[in-house]
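Got a few minutes to look at rings and pockets? Have the model open as you read.

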Amino acid sequence: MGEDVVVLDLGLSPFGVRVRIALAEKGVEFDWREEDLRNKSDLLLKMNPVHKKIPVLIHKGKAVCESLNIIQYIDEVWNHKSRLLPDDPFERANARFWADYIDKKIYSTGRPVCEATGDVQETAKKELMESFMVLERELGEKTYFGGESFGIVDIALIPYYSWFYAWETFGNLRFVEECPKLVAWAERCMKRETVAKYLPDQHKVHNFFLELKKQV
Ligand code: GS8
């Protein structure tokens, strides 16, 4: 492997998908290793001793953790093509703000929409849709969140497109009606080889939650 890059990951993880897309955008080859989170490898525990979570990017033997942090690292190391963050400090701060917004809002409400019932699910549905409406407004008429070029905010959000079907099925949410611009944006992103290659099939995400529900 020319670049000496290893990714510790999990197929359906939206955080792991971010890392795979970022590396693909840069044309960096990597050795992909799927972890069993019920039986974490010694390598994962050694490389991410603080959180013990995937994804971890191991570059030349050194570990970088946390998906948004990893995207920024990838952008800085392989800075010759496909800049994922803008150079302008204000635009850069703005991109980080929105990536952080997605991180704080989507996963934490998106999981209970699939897993919970009753009031907990209702509250999560409301909060999730509120966040998507905010993102719909921020995207507006732009091609990508950063304008004409695909970047960190798109990479932070697009893995959740694989969850839309699960949210529609478990939560009865309607994305095409509620946030048409985001759906059109997601379809635009899907036309990119790097996204289409790594986005999990939406039925797999739905089945994952179905299985999870059976275990309860
Ligand atoms: C989240 C990673 C995460 O939650 C990031 O990389 O952006 N903020 C981090 N990883 C999960 C799998 S995805 O659901 C994980 O590794 N969980 C293992 C555990 O909690 O033990």
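What follows is a quick tour of the pockets and the aromatic pairs.

Keep in mind that this is a predicted model.

| Pocket | Volume | Lining by class |
|---|---|---|
| Largest pocket | about 930 Å³ | 15 nonpolar, 6 polar and 12 charged residues |
| Second largest pocket | about 280 Å³ | 9 nonpolar, 4 polar and 5 charged residues |

Let's take the largest pocket. Its lining runs to 33 residues, and those nearest the centre are Leu-10, Ser-13, Leu-37, Tyr-107 and Arg-111. Domain 1 (5-77) and domain 2 (89-215) each give at least three residues to this lining. Helix 1 (14-26), helix 3 (67-77), helix 4 and helix 11 (202-215) put in at least two residues each, with helix 11 holding the largest share at 6 residues.

Now for the second largest pocket. It has 18 lining residues, and Pro-86, Glu-91, Ala-95, Phe-145 and Gly-146 sit closest to its centre. Two or more residues come from each of helix 4 and helix 6 (152-157); helix 4 has the largest share here, 4 residues.

On to the rings: there are 19 aromatic pairs in the structure. One of them joins Trp-98 and Tyr-101 edge-to-face, at 5.3 Å centre to centre with 65 degrees between the planes. Both residues belong to helix 4 (residues 89-115), where they are 3 residues apart, about one turn of the helix. Trp-98 and Tyr-101 are both buried. Another pair, Trp-167 with Phe-175, is tilted, at 6.0 Å centre to centre and 40 degrees between the planes. Trp-167 and Phe-175 are buried too. Ring pairs also tie these two into a cluster whose members include Phe-15, Tyr-107 and Phe-132.

How values were computed
Residues are numbered from 1 along each chain as its sequence is written. This is a predicted model: local features need pLDDT of at least 70, side-chain atom pairs count only at pLDDT 80 or more; totals for chains, interfaces and linings use all residues. Side-chain values use heavy atoms; hydrogens and water are left out. Rings of Phe, Tyr and Trp (its six-membered ring) pair if their centres lie within 6.5 Å; planes under 30 degrees apart count as stacked, over 60 as edge-to-face and the rest as tilted. Buried means under 20% relative accessible area, exposed over 50%, partly exposed in between (1.4 Å probe, protein chains only). On a 1 Å grid over the protein atoms alone, a cavity is a set of points where a 1.4 Å probe fits but cannot get out, and a pocket is an open set with protein on both sides within 12 Å along at least five of seven lines; lining residues have an atom within 4 Å of a point. Grid points are joined across faces, edges and corners, and a volume is the space filled by probe spheres set on the points. Ala, Val, Leu, Ile, Met, Phe, Trp, Tyr, Cys and Pro count as nonpolar, Asp, Glu, Lys and Arg as charged, and the others, Gly among them, as polar. Domain bounds come from an automatic or database domain assignment.
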